[in-house]
Every structure is written in C-alpha cells, then in structure tokens.
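User: I would like to learn how to read a protein model, feature by feature. Please give the general idea each time, then the case at hand.

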Amino acid sequence: MSRVYNFSAGPAVLPEEVLREAADEMMDYKGCGMSVMEMSHRSKVYDEIIKDAEQDLRDLMNIPDNYKVLFLQGGASQQFAAVPMNLMKNKKAGYIVTGQWAKKAYQEAKIYGEAVELASSADKTFSYIPDCSDLDIADDLDYVYICENNTIYGTKFKTLPNTKGKELVADVSSCFLSEPVDVTKYGVIYGGVQKNIGPAGVVIVIVREDLIREDVLPETPTMLKWKIHADNESLYNTPPCYGIYICGKVFKWLKKMGGLEEMKRRNEEKAKILYDFLDESKLFQGTVRKEDRSLMNVPFVTGNEELDAKFVKEASAAGFVNLKGHRSVGGMRASIYNAMPKEGVEKLVAFMKKFEEENA
C-alpha cells in the first residue's frame with residue numbers, strides 16, 4: 001500500500017526522510033549494536049542525541065543563552081498545571097481564551113490561584129482572535145497566557161497581545177517551528193511535539209532562566225518543577241528517549257530544508273492554495289475570520305452535515321485521511337503541518353473541486 005496524505009491534527013504527518021532514517025537505524029544506531037529504544041538514557045551515545053537535539057532547536061529558533069530548553073513528558077496538557085505551579089507568585093494570572101485548549105488551561109489555573117479571563121472569542125465559536133492591544137491587566141498578574149495557534153478552530157495570533165510588561169506564556173503546540181519566532185518576547189513557550197515535530201509523548205518547554213525558581217507553589221509535585229528538570233538537563237528521570245531522538249531528526253531535516261524562514265514561505269504557499277479555493281468555492285466555506293487564519297489548521301464546512309460526512313468518507317477512500325473536524329465542532333479540518341508536501345494540498349483541492357462538481 002502506498003502512503004496516504006495524512007491531514008491529521010496530531011499525531012500527525014512526519015517527514016518521510018526522517019521515517020526512513022529511523023527505520024534504517026531501528027536495529028543498530030550508528031554501530032552501537034542496539035536500537036535507540038533500548039539504550040540507557042545515561043549512556044554517552046544517548047547524551048549526544050539529546051544534546052544535539054537541543055543545540056539544533058536552539059539554532060533553528062535562535063534561542064538566547066538565558067533560556068533553558070526542557071524535553072519533558074505529559075504532553076502540553078500537563079503544563080496547564082505546571083505553568084501556574086511554577087509561575088504563580090502572586091497567585092493571579094490572566095488568560096486569553098481562544099479555544100478549547102486555552103479554556104482547559106484557564107480552568108486548570110483556577111485550581112491553584114485566581115485566573116482572570118482577559119479576553120475570549122467564545123461568543124463566535126472561537127472563529128476569531130480578540131483584540132488584545134489594550135487589555136485590562138492588573139498590576140499583580142504573574143503572567144498572561146495564550147494558546148498561539150488553535151488547532152481545533154484554525155485561528156492564530158498574528159500579533160502577540162500587549163501584556164503591559166507581564167510575562168507572556170504561550171502554548172505553541174500546533175504552530176511549533178512553522179515560522180520564525182522571537183523567543184525574547186515570551187517568558188515561556190511550550191508545546192506538545194505530536195503535531196509538527198515528532199511522535200506523541202514529548203513536550204518541549206522553553207523558559208527564561210529567571211522564571212525557574214525554587215519557590216514554586218508548595219503543592220507542586222517534584223516532576224512538575226521546572227527547576228528539577230533544568231538542573232538535571234531533562235534527565236532527572238528516564239525521558240521519552242525515542243521521541244526526543246525523532247524530534248532531533250526533524251530538527252536536522254528543518255535545518256537542511258532551509259530553516260524557519262523557508263518553512264514559513266512553504267507554509268504560506270500551501271495554505272494559500274487551500275484558502276483561495278475555499279474563498280471561491282460555492283460548496284465549501286472556511287469557518288475563520290480571514291485575518292486570523294492559521295497556516296497549520298484549516299477548518300471548513302459544506303453547511304450540510306450529511307454532505308460533510310459523505311465528503312470525509314469519499315476523501316478517505318481516495319487517500320486523503322483524517323479530514324474529519326474535531327468532535328466539538330464537526331465539519332472538516334485539514335492540518336497542513338511542515339511535513340505535508342505542497343502536492344498533498346494541491347491534490348486535496350483537486351479532489352474537493354471534483355466533489356463540488358458531483359454534489360453541486
């Protein structure tokens with residue numbers, strides 16, 4: 001069977017080149033006589049793998065020396081608790097709620113302190129990004145939190161909120177490494193890797209050193225203390241070794257492709273092909289306000305649930321899989337991450353045109 005075009009929101013498509021390399025090294029990594037899956041995380045060989053991965057990520061994102069890079073477990077959702085536990089000095093934080101994941105993070109923060117909803121786009125089913133240029137930010141807020149790209153709803157912050165000097169914390173799970181980023185604008189950037197970087201099971205946390213403190217909330221479990229992981233260079237306990245190894249391969253692939261400037265160019269080109277079609281289609285409509293559209297996740301509908309279901313079924317049979325929208329919103333969604341080739345998007349659009357002609 002040939003490979004399908006996988007439009008899944010995550011776990012998602014990985015570069016074929018990376019998968020082939022991993023397959024070649026599955027039984028014997030660089031002559032050490034064993035798989036990366038089998039080696040000790042304390043070994044010299046593995047130490048090189050994780051240190052290489054960190055350096056390549058630093059190169060790609062231009063991460064300043066005063067930021068720590070942590071490879072952790074528990075996915076982005078575990079950081080919903082870790083963020084307030086590590087940062088809530090005054091036990092008060094501001095949340096901008098632009099989708100399901102920001103909402104879950106906001107609800108989690110309420111357990112540990114006072115979480116304030118600074119802005120929300122819930123009134124229009126999270127189909128836009130609210131104006132965050134002049135938020136009502138109290139002096140005693142510890143940080144302002146956003147989910148920068150909303151996987152389910154297909155929106156993206158094109159302009160970061162004006163935090164009025166407060167630390168910005170961003171969950172970038174679904175736009176990680178899709179375009180250049182100025183790390184210095186954030187106190188903390190984190191994301192699960194299973195959308196744009198690697199297999200599920202790893203979360204990368206990039207945190208400025210002065211925010212890594214001993215005096216975290218007293219109930220913080222050892223495994224959720226950033227300082228523990230920073231002091232032990234992500235090796236406090238057994239990390240998700242194989243997942244980190246694949247992330248490292250993806251970082252090398254990204255460098256080889258030309259880095260984040262080139263990825264942004266490619267991602268804009270791919271997204272334009274799909275959005276241009278949606279804008280002129282009589283059958284399919286995009287669901288997001290134009291200026292807030294994500295380059296990574298493109299939700300769309302026909303306006304008829306039965307037709308949506310028919311489309312998903314026929315698309316899948318034609319080799320375009322995982323196009324069903326998230327269960328909370330229905331419709332369709334094409335996730336077109338870094339590893340999705342341009343031809344995948346072009347062929348999807350050709351299929352949509354054909355479907356439209358047959359179902360007009």
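Predicted model: local features only at pLDDT ≥ 70, side-chain atom pairs only at ≥ 80, totals over all residues.

User: Is K110 buried or exposed, or something in between?

Analyst: Buried means under 20% relative accessible area, exposed means over 50%, and partly exposed is in between (1.4 Å probe, protein chains only). K110 has 44% relative accessibility, so K110 counts as partly exposed. K110 is found in helix α4, residues 100-112.

User: How many helices and strands does the protein have?

Analyst: Helices (H or I, at least four residues) and strands (E, at least two) are DSSP runs, numbered from the N terminus. The protein has nine helices and 14 strands.

User: What does the radius of gyration say about the protein?

Analyst: The radius is taken over C-alpha atoms, and the globule rule is 2.2 Å times the number of residues to the power 0.38. For 360 residues a compact globule would have a radius near 21 Å; the protein has 21 Å, which agrees. Along the principal axes, the C-alpha atoms fill a box of roughly 65 × 60 × 30 Å. Buried residues make up 56% of the 360 residues.

User: What is a nonpolar core, and which residues have the most contacts inside the largest one?

Analyst: In soluble globular proteins, nonpolar side chains tend to be buried together. A nonpolar core is a set of buried Ala, Val, Leu, Ile, Met, Phe, Trp, Tyr and Cys residues joined through side-chain atoms within 4.5 Å. The largest here has 59 residues, and those with the most contacts inside it are M61, F71, I96, L177, I204, I206 and F251. Helix α6, residues 241-257, gives the most to this core, with ten residues. Apart from it lies another core, of 35 residues, among them L72, Y106, L211 and W226.

User: Where is I244, and what does I244 touch?

Analyst: I244 is found in helix α6. With a relative accessible area of 0%, I244 is buried. Leaving aside neighbours within four places in sequence, I244 is in contact with Y46, I50, A53, F71, V202 and P239. One of these, A53, is 191 residues away in sequence, yet the two C-alpha atoms are 7.5 Å apart.

User: Which residues does L274 touch?

Analyst: L274 lies in helix α7, residues 259-280, and is buried, with a relative accessible area of 0%. Not counting residues up to four places away in sequence, L274 touches V298, A334, V345, V349 and M352. The C-alpha atoms of L274 and G286, twelve residues apart along the chain, are separated by 9.6 Å.

User: Is M332 buried or exposed?

Analyst: M332 is buried, with a relative accessible area of 1%, and is found in strand β14. The residues that M332 touches, not counting those up to four places away in sequence, include F284, F300, F311 and L323. M332 and N322 are ten residues apart in sequence, and their C-alpha atoms are 8.9 Å apart.

User: What should I look for in the backbone angles?

Analyst: Most residues other than glycine have a negative phi, and most peptide bonds are trans. N322 has a positive phi, near 65°, and lies in the loop between β13 (320-321) and β14 (332-335). N322 is partly exposed, with a relative accessible area of 45%. Phi of N62 is also positive, near 50°. N62 sits in the loop between α2 (44-61) and β2 (67-72) and is exposed, at 63% relative accessible area.

User: Which residues does the cis peptide bond join?

Analyst: A cis peptide bond joins G10 and P11, with omega about -10°. P11 is in the loop between β1 (5-6) and α1 (16-24).

Methods: Residues numbered from 1 in each chain as written. Heavy atoms only, no water. Contact = heavy atoms within 4.5 Å.
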